[in-house]
Amino acid sequence: MVRYVANKFFYMLVSLFVLISATFFLMKAIPGDPFTAEKKVPPEIKARLYEQYGLDKPLYHQYFKYLGEIAQGDLGVSMKRLNQDVTHLIGQTFSASLKLGLIAILVSVIVGVFLGMMAALYHRKFIDSAAMVLAVLGIAVPSFVVASLLQYVFAYKFHMFPVSGFKGPMYYVLPVAALSAQPIAFIARLTRSSMLEVLHADYIKTAKAKGLSWAAILSRHVLRNGILPVVTYMGPMTANIVTGSVVIEQIFGVGGIGKQFVEAIGVRDYTVIMGITIFYGVLLMVARFITDIAYVFIDPRIKLSGGKEG
């Protein structure tokens, strides 16, 4: 177990290094910089700003300097906001994104597993067809389109929910629905196909022949084995919800970390872009690590080194 955790941790560090390097050089490759739009600022003031933030140095010098600061846990200060520490900015805004993301993940798992289970139990009946039509729509329609439709229908036309903001429980409904639409669709399809396979397995027929009740078969065998693909999908789903929240937060005016990220890209605020990207990267890697561990505990046949026992 210790070796397994150590290996995973090592690959997390390698992935984080690649993420930081790729983001740094891609960001620098985009034309312009944080002070390009400052046309009213005298050239000598601009030169002082470049010197202050090290933008007058060669690219390799900026890169290794940034790596050294990251190694010390310093994400730097914003280049566009006066005395705004990036770590403090993330801490201030992440709580809203965290609440939104956790609720969306919870809703996705509960609704997705329920829809998939009902579709499998009522295979080739109306419930199965209806659930799969919803799943196809959920996968095909992008989350920002779903968000705009929900906002127009339920907020603008019927006034059932607030158009934007983040001040109470009612403000969560539409952003959570938009964020969880696609994960619900994927989970429903995964659960349905996995449960159909389990329902036709020999050990289910044996359990029925032994007189085990249907409720016991469902809870002990079908649901437990049928949900394994969903656990595997939890890591990518977390990534999908986290990255998707960047756009959703902007549409619904949620003052979360995603809104800060979009604004930072618009003004080329290098340190904020890098800081939030690293923060997102670490979150996703930790989520993937927890998923790997959870998968082992749910299915004990899976060895820590990978694969299943013969």
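A residue counts as buried when its relative accessible area is under 20%, and as exposed when that area is over 50%. Keep in mind that this model is predicted.

Begin with helix H5, residues 126-140.

Now ask which residues of H5 are buried. They are Asp128, Ala131, Met132, Ala135 and Gly138. Seen down the axis of H5, these buried residues fall within an arc of 120°, so they line one face of the helix. An α-helix has 3.6 residues a turn, so residues three or four places apart point the same way.

What do the buried residues of H5 pack against? Their partners are helix H4 (86-121) and helix H7 (170-199). On the other side of H5, Phe126, Val133, Leu134 and Ala140 are exposed.

Next, the cores. In soluble globular proteins, nonpolar side chains tend to be buried together. Here the largest nonpolar core has 29 residues. Ile20, Tyr66, Leu75, Met274, Ile276 and Ile278 have the most contacts inside it. At least two residues of this core come from each of H1 (2-29), H3 (59-71), H4, H11 (257-266) and H12 (270-298). H12 gives the most, with 8 residues.

Zoom in on Ile278. Leaving out residues up to four places away in sequence, Ile278 touches Leu16, Ile20, Tyr66, Ile70 and Leu75. Another core, of 24 residues, lies apart from the largest one. Among its members are Leu100, Ala147, Phe161 and Met237.

Notes:
Residues numbered from 1 in each chain as written. Predicted model: local features only at pLDDT ≥ 70, side-chain atom pairs only at ≥ 80, totals over all residues. Heavy atoms only, no water. Helix = DSSP H or I, 4+ residues; strand = E, 2+ residues; numbered from the N terminus. Expected span 1.5 Å × (residues − 1). Buried < 20%, exposed > 50% of the residue type's maximum accessible area, 1.4 Å probe, protein only. Arc of directions from axis to C-beta. Contact = heavy atoms within 4.5 Å. Core = buried A, V, L, I, M, F, W, Y, C linked by side-chain atoms within 4.5 Å.
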